[in-house]
Amino acid sequence: GVALAGFIPITLRRQQLQQLKAKIQVLEPKKQAIDQLQQRLQQLRAEEAVFRGLRHERGLWSKRLNTLSNVTPDGVWFTKWSLDPKEGLVIQGSAIGHAGAEMVSVGRLVQDLKADPDFSSVIKDIQIESIKRIQEKEIEVIQFTLTSSLREAPAP
């Protein structure tokens, strides 16, 4: 009788445990979907904050892009430009090789952007992330990537 009295509660607890495990298995895909939605919502909120800041500073960004155009040396062009809250500012480009002068041009571009008050107000420190020489037929071209994290924008 004592053994039976101890066995019955254990059996009931095991059945409850199995039922709870079955419920967890049913709810797990829903939990994963909710977690994914929450992550996406956080990403969208971060993007919204950047876009609000951009909208608030629309005139300043057009001025910054104009400055970028003005300080770009001859023989240098951009292939990709992106502004992302996580990655910051990323500028990819190329320059025509001229016996090392192209490296000076890219370095001068970085220094001019650092020296510009409008650019330095939103970027922490622009750096040459990568640089690669390639040969396209008889022309030597260097491909470069400039990166910079963004400074925290004041609330509009």
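Which residues is Leu-146 in contact with, leaving aside its neighbours within four places in sequence? Let me start there. Contact means heavy atoms within 4.5 Å. By that rule, Leu-146 is in contact with Leu-89, Val-90, Ile-91, Val-106, Leu-109, Val-110, Ile-126, Gln-127, Ile-128 and Glu-129.

A word on the model before we go on. This is a predicted model, in which local features need pLDDT of at least 70 and side-chain atom pairs count only at pLDDT 80 or more, while totals for chains, interfaces and linings use all residues. Residues are numbered from 1 along each chain as its sequence is written, and side-chain values use heavy atoms, with hydrogens and water left out.

Now the core. Buried means under 20% relative accessible area, exposed means over 50%, and partly exposed is in between, with a 1.4 Å probe and protein chains only. A nonpolar core is a set of buried Ala, Val, Leu, Ile, Met, Phe, Trp, Tyr and Cys residues joined through side-chain atoms within 4.5 Å. The largest one here has 19 residues. Leu-146 is among those with the most contacts inside it, along with Leu-89, Leu-109, Leu-113 and Ile-126. Who supplies this core? At least two residues each come from α2 (58-71), β1 (76-84), β2 (88-96), α3 (101-115) and β4 (139-148). The largest share, four residues, comes from α3. These helices (H or I, at least four residues) and strands (E, at least two) are DSSP runs, numbered from the N terminus.

Next, the strands. Two strands pair if DSSP finds at least two bridges between them. Look at β2. On one side, eight bridges join β2 to β1, and the two run antiparallel. They form a hairpin with three residues between them. Within this pairing, Trp-77 has Ser-94 of β2 as its bridge partner. β2 also pairs with β4, again antiparallel, over eight bridges. There, Gly-93 stands opposite Phe-144 of β4. Is β2 enclosed or open? Seven of its nine residues are buried, so β2 is largely enclosed by the rest of the structure.

On to charges. Side chains of opposite charge can pair when their charged atoms come close. A salt bridge here is a side-chain nitrogen of Lys or Arg within 4 Å of a carboxyl oxygen of Asp or Glu. The count comes to four. I will show three of them.

One is Lys-31 with Asp-35, closest N and O atoms 2.8 Å apart. Both lie in helix α1, four residues apart, about one turn of the helix. Lys-31 is partly exposed at 45% relative accessibility. Asp-35 is partly exposed too, at 29%.

Another is Lys-114 with Asp-125, at 3.3 Å between the closest N and O atoms. Lys-114 lies in helix α3 and Asp-125 in the loop between α4 (117-120) and β3 (127-136), so the pair ties together parts that are 11 residues apart in sequence.

Then there is Glu-140 with Arg-133, 3.4 Å from N to O. Glu-140 is partly exposed at 28%, and Arg-133 is partly exposed at 44%.

Last stop, the surface. Phe-7, Ile-8 and Leu-12 form a nonpolar patch there, with about 300 Å² of accessible area together. Phe-7 lies in helix α1 (residues 2-56). Patches are made of residues with over 30% relative accessible area and no salt bridge, with like charges joined within 9 Å and nonpolar side chains (Val, Leu, Ile, Met, Phe, Trp, Tyr) within 5 Å. Accessible areas come from the Shrake-Rupley method with a 1.4 Å probe, and for residues only the protein chains shown count as cover.
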